[in-house]
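I went through the model one element at a time and wrote down what I looked up.

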Amino acid sequence: MANAEFAHRWFEEVWNKKSEAAVDEMLAADGVGHGLPGGPIRGPEAFKEYQRQLIEAYPDLRVEVVDTVVEGDKIAARCRVTGAHQGDSLGIMATNNPVDFGGLVILHVRDGKIAEAWNEFNFTDMYKQLGLKALSLE
């Protein structure tokens, strides 16, 4: 059985505190993240590479969990993402523009770890705030 605190902890530890150890602890070895730039991300090592790139681009990145809904082994979390685009790691030269956009994640938790995650973040809104046209995510 999953609980809302798990989702809050994931975003706090992994994104706000930038902990790679939390990725190892909370993401299953065969865990898959869907809906993120670059296509499905499989396993903790690949996820940590994505995490590093996003944090390099947004060193002050903050993810706030606004709402959660839990049903069985799934957690839905509505999030708000803020930060300033200060790095070039995503293939986009730093704009120093602030971003503020929303998203929704559904986490499937198995044996206390994320087995699968479906991400629906408004990356189009993020790109607009950077002064760019929307880019393909996959």
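I take helices (H or I, at least four residues) and strands (E, at least two) as DSSP runs, numbered from the N terminus. With that in place, H1 is followed by Lys18, whose phi is positive, near 60°.

The model is predicted, so I hold local features to pLDDT of at least 70 and side-chain atom pairs to pLDDT 80 or more, while totals for chains, interfaces and linings use all residues. Residues are numbered from 1 along each chain as its sequence is written, and side-chain values use heavy atoms, with hydrogens and water left out.

Entry 1, H1. I looked up its length: 13 residues, with 17 Å from first C-alpha to last, close to the 18 Å expected at 1.5 Å a residue. The expected span is 1.5 Å times one less than the number of residues. At the N-terminal end I found Asn3 as the cap, a side-chain oxygen of Asn3 lying 3.2 Å from the backbone nitrogen of Glu5.

I count Asn16 as buried because its relative accessibility is 10%; buried means under 20% relative accessible area, exposed over 50%, partly exposed in between (1.4 Å probe, protein chains only). The side chain of Asn16 makes a polar contact of 3.0 Å with that of Glu12. For a polar contact I require a pair of N or O atoms within 3.5 Å; within protein, one must be able to donate a hydrogen and the other to accept it, and residues adjacent in sequence count only if both atoms are side-chain atoms. Leaving out residues up to four places away in sequence, Asn16 touches Phe11, Leu61, Arg62 and Val63, contact being heavy atoms within 4.5 Å.

Helix H1 (residues 4-16) and helix H3 (residues 43-57) pack at about 65°, their axes 11 Å apart. Axes are lines fitted to C-alpha atoms, for helices over the stretch in contact, and angles run from 0 to 180 degrees between N-to-C directions. H1 contributes Trp10, Val14 and Trp15, and H3 contributes Phe47, Tyr50, Gln51, Leu54 and Ile55.

I looked up the largest nonpolar core, which has 39 residues. Such a core is a set of buried Ala, Val, Leu, Ile, Met, Phe, Trp, Tyr and Cys residues joined through side-chain atoms within 4.5 Å. Those with the most contacts inside it are Trp10, Phe11, Trp15, Phe47 and Leu107. H1 supplies the largest share, six residues.
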